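This briefing is meant to be read beside the sequence and the coordinates. Please keep both in view while working through the points below.

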Amino acid sequence: MIVVAWPTRLDSLASERVLGRNGSEQLASPALLMSRNGMTNPNEYPATVQEILDDTMKFKPAVLRAVRAYSKSRPWRGTLEERRQKIRALYAALAIAYSIPTPTLVFGDNGEGDSGRSCAIPAMGTVILRGKNSCISAFHEFHHLLDNSEREACRWSLNLFRRCFPRSWAHLRFEGHMARLDRPADPSAEV
Ligand SMILES: [Zn+2]
């Protein structure tokens with residue numbers, strides 16, 4: 001792939017365009033961008049969800065408290081701004097749990113579409129979330145502030161979600177690296 005554009009602003013990092021093999025312009029994946037920026041190795045993605053599920057995975061008590069408070073706040077309810085405020089509160093609590101500065105949280109679009117183009121910039125303590133508010137993407141990108149490993153970000157976010165959102169977990173289906181929540185009221189809602 002040939003990069004045909006480059007970011008000039010922080011929030012454009014996840015929307016670089018690359019030239020595909022057939023010459024068509026397409027959005028670069030966050031994995032490609034982060035790899036190019038020395039942040040993660042896209043090849044570290046687990047091949048299956050099952051291989052990273054771990055009933056014995058340990059979480060800091062403060063992390064479980066933070067995520068359970070987030071769960072109780074009903075992450076999918078409220079206006080876009082109200083839902084974003086819940087993620088800001090979650091990030092603030094997780095940052096305290098890990099003794100890191102509160103991350104800079106950028107919402108990179110209007111909250112529509114999928115969240116697969118979300119990304120983290122650990123060197124800047126910044127997470128860019130895109131698409132519908134997604135618990136798992138929010139967890140996943142937060143973990144990149146702690147650890148570059150793609151596999152660990154997947155492992156931590158999915159096991160944490162399963163632990164704290166057991167009913168929603170039962171309704172998850174997976175499409176590649178994307179988890180979707182099937183609910184009667186909102187069949188395409190992401191988590
Ligand atoms: Zn990742």
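How many of the 10 residues of helix α4 (residues 135–144) are buried? All of them are: 10 of the 10 residues are buried, so helix α4 is largely enclosed by the rest of the structure. A residue counts as buried if 20 or more other C-beta atoms, placed from the backbone, lie within 10 Å of its own.

This is a predicted model, in which local features need pLDDT of at least 70 and side-chain atom pairs count only at pLDDT 80 or more, whereas totals for chains, interfaces and linings use all residues. Residues are numbered from 1 along each chain as its sequence is written.

**Overall layout**

- The protein chain has 6 helices and 8 strands, where helices (H or I, at least four residues) and strands (E, at least two) are DSSP runs numbered from the N terminus.
- Along the sequence, these elements follow the pattern β-β-β-α-α-α-β-β-β-α-α-α-β-β.
- Of the 191 residues of the protein chain, 31% count as buried.
- Among contacts between residues at least 6 apart in sequence, 43% join residues at least 24 apart, a contact being two residues whose C-beta atoms, placed from the backbone, lie within 7 Å.

**Helix α4 and its surroundings**

- The buried residues of α4 are Cys-135, Ile-136, Ser-137, Ala-138, Phe-139, His-140, Glu-141, Phe-142, His-143 and His-144.
- These residues pack against α3, β5 (119–121), β6 (126–129), α5 (150–164) and β8 (178–181).
- The axes of α4 and α5 come within 8 Å and cross at roughly 140 degrees; axes are lines fitted to C-alpha atoms, for helices over the stretch in contact, and angles run from 0 to 180 degrees between N-to-C directions.
- The two helices α4 and α5 are therefore oblique to each other, given that angles under 35 degrees count as roughly parallel, over 145 as roughly antiparallel, 65 to 115 as roughly perpendicular and the rest as oblique.
- From α4, Cys-135, Ile-136, Phe-139, His-140, His-143 and His-144 meet Glu-152, Ala-153, Cys-154, Trp-156, Ser-157, Leu-158, Leu-160 and Phe-161 of α5.
- By class, this contact of α4 with α5 has 9 nonpolar, 4 polar and 1 charged residues; Ala, Val, Leu, Ile, Met, Phe, Trp, Tyr, Cys and Pro count as nonpolar, Asp, Glu, Lys and Arg as charged, and the others, Gly among them, as polar.

- An open sheet of 3 strands has the order β4-β6-β5 with mixed pairing, two strands being paired if DSSP finds at least two bridges between them.
- The edge strands are β4 and β5, each of which pairs on one side only.
- α4 packs on this sheet, touching β5 and β6, and its direction makes about 155 degrees with that of β6.
- Strand β4 (residues 104–107) runs parallel to β6 and is joined to it by 4 bridges, with Leu-129 of β6 as the bridge partner of Phe-107.
- β5 and β6 pair in the antiparallel sense over 3 bridges, and Thr-126 in β6 is the bridge partner of Ile-121.
- β5 and β6 form a hairpin with 4 residues between them, and Gly-125 in the turn has a positive phi of about 55 degrees.

**Helices α2 and α3**

- The axes of helix α2 (residues 61–72) and helix α3 (residues 80–97) come within 9 Å and cross at roughly 170 degrees, which makes α2 roughly antiparallel to α3.
- Contributing to this contact are residues including Ala-66 and Tyr-70 of α2 and Leu-90 and Leu-94 of α3.
- By class, the contact of α2 with α3 has 10 nonpolar, no polar and 1 charged residues.

Conventions:
Buried ≥ 20, exposed ≤ 12 C-beta atoms within 10 Å, placed from the backbone.
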